[in-house]
There are 2 protein chains.
Amino acid sequence: MQTKIKKLESVIRYRFKNKELIELALTHPSYESERSYERLEFLGDLVLDAVVGINLFMEYPDAEESFLTDLKSAYVNSKYLHNAGVSMKLEKFIRYRNYEAPRLDNFIEGIIGAVYLDGGWKKVEVLIKKFILHKKIEPIRNYKNILSTLSKKHFQTEPAYDIVSEKGLPHKKIYNVRVKIQGRKYVGRGTAGTKKDAEMLAAENLLFKLEKYRKIKHERPLNS
Amino acid sequence: MQTKIKKLESVIRYRFKNKELIELALTHPSYESERSYERLEFLGDLVLDAVVGINLFMEYPDAEESFLTDLKSAYVNSKYLHNAGVSMKLEKFIRYRNYEAPRLDNFIEGIIGAVYLDGGWKKVEVLIKKFILHKKIEPIRNYKNILSTLSKKHFQTEPAYDIVSEKGLPHKKIYNVRVKIQGRKYVGRGTAGTKKDAEMLAAENLLFKLEKYRKIKHERPLNS
């Protein structure tokens, strides 16, 4: 583990005073459930959100809150963080006992928590700027939120989501989701590997239909 | 407004260098949509989460991540923040043009954002400790998350929520929600003023039934 830690330190360009912290950050609960990254991940998640949000707030002094929220989502969502872990070759440094390799986003958050505890705000900000904020990316629009807001405004009701079908093995599911607004005929549909993603696609699909048939007017058009 | 700002400064025991910031924090979008608390609220929300989370992390060195998450929820949820606003008599200082008084939680987050920008981390931490973290409160258990985790573990599927009925005027709705796990006979039911609260109650109700009929075993019993 010591050689691994040294190598990782040179990848992230941060040397830990307390090596126990980085060891914890690299330990999946399947390896040692009592001594894993879980608490550090809780901390890192909050610190990451705050650092990213504060930096975007400063970088876009004229942007609306909704733009900042969507752009922050793009930088802190689990897929983007997992890919940051891949580009750091994190899989070479982690410890786990699962039958398949665990997602890397939780380790990223664990490392952020560990660097914050060991080195403080300034050091963790350098790390986040280097590995998370270094790329210009597109905001992620939260279509479920947009649909909910518009539905309450135009139809005085919340949209309702249904799981139409759920197929595949436990760890490789395909969700088929439908969304409707009570008393309205249009239906949005979405299919994806997680319930949340399928719902997001269904919401986007319903928004598209409602706009097309001019049932709603959108302040920020969908294709903006 | 200047007298109001002076009075509020003495309530929160913080004097702003830049008075424009606190003026923004006290302005509801209904009063002036282009110059309201919205950006500050985005910032304050993140800063509040991080300050509360970091303080709980330090205060409970042996607590599990799930306990920290639930306790943080209790300190940053909108009801608790609204009540903090009530105890600060915030309604005397805010500007709005709605037909009824707006919720105070967004103003609290706006003020936190404003103090952070004006005075930095240390000052905002003092404010949060004084008005948010000063009380010992109970963690809020997220029953939807608990049900989702247990359902995936025991039944390899996500629970499905349905809105059974939705009654009342647009701003005073009563939601009646049902939750089921595909292929299982027990149904959880919940009724509340928001969809989320009704779902949470339905999840708690279904968890109670599943435990009672020994369909699941809980690591942390519901009545702990």
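The side chains of Glu158(B) and Ser148(B) are joined by a polar contact of 3.3 Å. A polar contact is a pair of N or O atoms within 3.5 Å; within protein, one must be able to donate a hydrogen and the other to accept it, and residues adjacent in sequence count only if both atoms are side-chain atoms. This is a predicted model: local features need pLDDT of at least 70, side-chain atom pairs count only at pLDDT 80 or more, and totals for chains, interfaces and linings use all residues. Residues are numbered from 1 along each chain as its sequence is written, chains are lettered from A and ligands numbered from 1 in the order in which they are written, and side-chain values use heavy atoms, with hydrogens and water left out.

**Around Glu158(B)**

Glu158(B) sits in the loop between helix H8 (143-155) and strand E1 (160-167) of chain B. Helices (H or I, at least four residues) and strands (E, at least two) are DSSP runs, numbered from the N terminus. Is Glu158(B) buried or exposed? It counts as buried, because its relative accessibility is 12%. Buried means under 20% relative accessible area, exposed over 50%, partly exposed in between (1.4 Å probe, protein chains only).

Neighbours within four places in sequence aside, Glu158(B) touches Ile163(A), Glu166(A), Tyr175(A) and Lys195(A), plus Ser148(B), Ser151(B) and Lys152(B). Contact means heavy atoms within 4.5 Å.

**The sheet of chain A**

In chain A, three strands form an open sheet with antiparallel pairing, in the order E1-E2-E3. Two strands pair if DSSP finds at least two bridges between them.

| Strand of chain A | Residues |
|---|---|
| E1(A) | 160-167 |
| E2(A) | 174-180 |
| E3(A) | 187-192 |

E1 and E3 of chain A are the edge strands; each pairs on one side only. Neighbouring strands are turned by 20° against each other on average, direction ignored. Seven bridges join E1(A) to E2(A). Lys167(A) stands opposite Ile174(A) in E2(A).

Helix H9 (residues 195-212) of chain A packs on this sheet and touches E1, E2 and E3 of chain A. Its direction makes about 145° with that of E3(A). Axes are lines fitted to C-alpha atoms, for helices over the stretch in contact, and angles run from 0 to 180 degrees between N-to-C directions.

**Two copies**

The same surface serves both copies: 100% of the contact residues of chain B recur in chain A.
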